[in-house]
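Have the viewer open while you read, and follow along topic by topic.

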Amino acid sequence: MDTFEEFDHPSGPEKSAGAIIAHAFEMYNGVFLYAIVVLLISFAVSMVVEPITGFNSAAMMEELQLSDGAPMIWAIPGFALYFGLSGLVSLLLTPLYVGVIYIANKYNLQESIRFSDLFIGFKQNFINIILYSLISNILIAISFAMCVLPVFFVFPLLMLGYPILLFENATFSQALSKSFSIAKENYGTFLGTSLLAFLISIAGVFLCGIGIIFTLLFYLVAMYSAYCAFCGRPRPIIIKE
């Protein structure tokens, strides 16, 4: 079972978007290889899911290109099953994102990092991580359905959720409540931080497309840096094997 030491509050980055992003850059330089591993795991799992459902993504792209009117995407064989199953698998892989945050904290504290650290979310607070991810994804999906733009205003309110779940062993409702409360009181900073983190995360698209593998999960480390700025840097998490 995992136990958590009390928090201390040494100075982290200043409570400004620029300082948080700068701190996140410093952290990401030391952990980006682990972020790439998470993306590769996710990609490998999706490659397994596709043939199980009978869905063919290449055939879908060809059909969409040949379609004259609005494409009936849900009528494509296997798409509905693939969409549902891949969504479920993505949800179950969410603890890996928490693992990236955990590794960023170990790097920040200059502790030795092990590959198994990526899987801490499967051993600690797993159910609450899954429930938080489900609820936050629903909120983001609803925001996306409202002409996309609201997503950029909702996401800042969710930035601290994963770090709170990890470092405070909180329930999903406590994580939502605390993240909303802190971000609401400092909304300008969180909005600026989330927008900058998003732009950096997708910047790899401009590096021949494949560069996104190196940048996509930057926003996770930005979440950690925002947590350090507003909640203090946590002490090491002690894991009893």
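What percentage of the 241 residues in the protein do buried residues make up? Buried residues account for 42% of the 241, where buried means under 20% relative accessible area, exposed over 50% and partly exposed in between (1.4 Å probe, protein chains only). Please keep in mind that this is a predicted model, in which local features need pLDDT of at least 70 and side-chain atom pairs count only at pLDDT 80 or more, while totals for chains, interfaces and linings use all residues. Residues are numbered from 1 along each chain as its sequence is written, and side-chain values use heavy atoms, with hydrogens and water left out.

**Overall layout**

- The protein has twelve helices and two strands; these are DSSP runs numbered from the N terminus, with helices being H or I of at least four residues and strands E of at least two.
- Reading from the N terminus, the order of elements is β-α-α-α-α-α-α-α-α-α-α-α-α-β.
- Of the contacts (heavy atoms within 4.5 Å) between residues at least 6 apart in sequence, 75% join residues at least 24 apart.
- The protein exposes about 12400 Å², and carbon and sulfur atoms supply 69% of that area, as computed by the Shrake-Rupley method with a 1.4 Å probe, where for residues only the protein chains shown count as cover.

**Helix α12 against α10**

- The axes of α10 (residues 187-202) and α12 (residues 218-231) come within 9 Å and cross at roughly 155°; axes are lines fitted to C-alpha atoms, for helices over the stretch in contact, and angles run from 0 to 180 degrees between N-to-C directions.
- α10 and α12 are therefore roughly antiparallel to each other, since angles over 145 degrees count as roughly antiparallel, under 35 as roughly parallel, 65 to 115 as roughly perpendicular and the rest as oblique.
- On the α10 side, Thr189, Phe190, Ala197, Ile200 and Ser201 meet Phe218, Tyr219, Ala222, Ala226 and Phe230 of α12.
- The residues of this contact of α10 with α12 comprise eight nonpolar, two polar and no charged; here Ala, Val, Leu, Ile, Met, Phe, Trp, Tyr, Cys and Pro count as nonpolar, Asp, Glu, Lys and Arg as charged, and the others, Gly among them, as polar.

**Helix α12 against α4**

- The axes of α4 (residues 95-108) and α12 come within 9 Å, crossing at roughly 55°, and α4 and α12 are therefore oblique to each other.
- From α4, Tyr97, Val100, Ile101, Ala104, Asn105 and Asn108 make the contact, together with Leu220, Val221, Met223, Tyr224 and Cys228 of α12.
- By class, the contact of α4 with α12 has nine nonpolar, two polar and no charged residues.

- Leu220 lies in α12 and counts as buried, at 0% relative accessibility.
- Beyond its neighbours within four places in sequence, Leu220 is in contact with Tyr97, Val100, Ile101 and Tyr162.
- Leu220 and Tyr162 are 58 residues apart along the chain, and their C-alpha atoms are separated by 8.7 Å.
- Ser225, also placed in α12, counts as buried at 0% relative accessibility.
- Not counting residues up to four places away in sequence, Ser225 touches Pro13, Ile20, His23, Ala24 and Met27.

**Helix α6 against α9**

- The axes of α6 (residues 126-145) and α9 (residues 172-185) come within 8 Å and cross at roughly 50°, which makes α6 oblique to α9.
- Asn128, Leu131, Tyr132, Ile135 and Leu139 of α6 make the contact with Phe172, Ala175, Leu176, Ser179 and Phe180 of α9.
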